[in-house]
Amino acid sequence: MLIDWFTVVAQALNFLILVWLMKRYLYKPILNAIAAREKLVAGELSDAAAKKTEAQKDRDEFQRKNEEFDRQRAALLSKATDEAKAERARLLDEARKAADVLSASRHDALNGEVRSLNQSISRRTQDEVFAIARKALADLATVSLEERIGEVFTRRVHSLNGKAKDCLASAIRTTSDPALLRSAFDMPAGQQAAIRNALNETFSADVKVRFETTPDLVAGIELSTNGQEIGWSISDYLASMEKSVGELLKSAPDVQ
Amino acid sequence: MRLSSDQMIFWQHGFLKINGTIAFTWGLMLLMAIGSKLITRRLSTGLDRTRWQNLLEIVVTGINQQIEEVGLRHPEKYIGFVGTLFLFVAMANICTILPGYSPPTGSLSTTAALALSVFIAVPLFGIGDQGVRGYLRSYVQPTVIMLPFNIISEFSRTLALAVRLFGNMMSGAMIIAILLTITPFVFPIFMTMLGLLTGMVQAYIFSILAAVYIAAATRTRKPDAASAPAT
């Protein structure tokens, strides 16, 4: 007999027990674990989706802020550029003005230096000419320079004629003040008398003369009365020389 | 030569006895229960899993998928029965590689017991799913004339289930036993491999047929609550 009914019943019971065992120890734990993992994965996916949404939101916000920042930066940059241009123009203007002022002051200083140099040259030339003339006259004559000047002046008074003589004569006659005779050095009494005589002879009158010493004349004699003047002095020659030297300096290029 | 492990009697008292079929079945039950218990003792719900857990998950989800493909909507409801059928038959077959082992599925008593289990389980699932009237109405579908044919079909398929599995398993074991006496070297190994293959196929056929019968018993149920009732 191929079928043993006791075995059939026993195997059926065994099978039912095995079903219960498998359900208890295999299917339920495994299916629960799978369900828990699926739940975990679903949770993580939904979390990731939420994070993605949030990240997208943050990204949009960041982009918006970035664009806003760019706009503000461009506006600020434009404003700063304009201000910088204005400031540059103002500073350039100021610098130009300052340069003009400085240039003017330098020009003034240069002019001052030129004037000072002219004066120095004049003084030095006068001194040199005077010294040369004195030395030359001293070498050439036995009388002192002052005597020769007095003689020259006396000769000039004698040689007065024409309009100059008339003007001077009328000036002497119309004033009551004594005529002023200035000389660079104290004049000896003899020379003073010779000059006085020469004046009296020339103008046919008793001309009152007041003698005065003026070192500015360098060397020479000058007679002035009532606005009229006659004389001879090295100063005259020096003035002419100073004028020519001054013209020479003017024509020279500016000092850098 | 023993045709069945039923004839391997270890203990007997009256009609009560412990034969080879029962003993090997208990052995298989112990192996499966203890193995399952050991593997599922520390299950991981995270992404890191042990190889054994992976194996069991593949087996369980595979069975679930097969049940679902047959047409059963909630496979977790049927996996206890169908899955255990498959695992028991498969394990009984795989263990044939052990020397001295005789598969309990090579006994017609075991296959008859399994077929009877299916014979009883199918109407139970059908009644549980659509009620007694609904289930009994399925016997007179499409017409009343089909009633005797349906009843005959119930019995014949149960018999077919039992005999098919028994025939395949017993013949496999028998061929190996015969070949061992004739060509005891390499040839029985190939036959054992072939037996393993046919055994796995039989396990699949047996469990998938059970699932199909259950699906047929629950087929008249409406697909879902929103659709119109079947007429």
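A residue counts as buried under 20% relative accessible area, as exposed over 50%, and as partly exposed in between (1.4 Å probe, protein chains only). The structure is a predicted model, in which local features need pLDDT of at least 70 and side-chain atom pairs count only at pLDDT 80 or more, while totals for chains, interfaces and linings use all residues. Residues are numbered from 1 along each chain as its sequence is written, chains are lettered from A and ligands numbered from 1 in the order in which they are written, and side-chain values use heavy atoms, with hydrogens and water left out.

The interface comes first. Chain A brings 30 residues into contact with 47 residues of chain B. Contact here means heavy atoms within 4.5 Å. Between them, the two chains bury about 3,300 Å². Buried area is the accessible area (1.4 Å probe) that two parts lose on being put together, summed over both. Carbon and sulfur atoms hold 77% of the area buried between chain A and chain B. In chain A, the residues that lose the most area to chain B are A:Phe15, A:Tyr27 and A:Arg37. Together these three make up 20% of what that side buries.

Polar links also cross the interface. Chain A and chain B share 11 residue pairs in polar contact, both residues at pLDDT 80 or more. A polar contact is a pair of N or O atoms within 3.5 Å; within protein, one must be able to donate a hydrogen and the other to accept it, and residues adjacent in sequence count only if both atoms are side-chain atoms. The side of chain A that touches chain B has 24 nonpolar, three polar and three charged residues. In this grouping, Ala, Val, Leu, Ile, Met, Phe, Trp, Tyr, Cys and Pro are nonpolar, Asp, Glu, Lys and Arg are charged, and the others, Gly among them, are polar.

Salt bridges were then counted. A salt bridge is a side-chain nitrogen of Lys or Arg within 4 Å of a carboxyl oxygen of Asp or Glu. Two salt bridges lie between chain A and chain B. In one salt bridge, A:Arg37 pairs with B:Glu57, and the closest N and O atoms are 2.7 Å apart. A:Arg37 lies in helix α1 of chain A and B:Glu57 in helix α2 of chain B, so the pair joins two chains. Helices (H or I, at least four residues) are DSSP runs, numbered from the N terminus. A:Arg37 is buried, at 9% relative accessibility. B:Glu57 is buried too, at 8%. B:Glu57 also forms a salt bridge with B:Arg49, with the closest N and O atoms 3.8 Å apart. B:Arg49 is partly exposed, at 32% relative accessible area.

The nonpolar cores complete the picture. A nonpolar core is a set of buried Ala, Val, Leu, Ile, Met, Phe, Trp, Tyr and Cys residues joined through side-chain atoms within 4.5 Å. The largest has 55 residues. Among those with the most contacts inside this core are A:Leu26, B:Phe81 and B:Val118. Helix α3(B) gives the most to this core, with 11 residues. Apart from it lies another core, of 21 residues, including A:Ile149 and A:Phe203.
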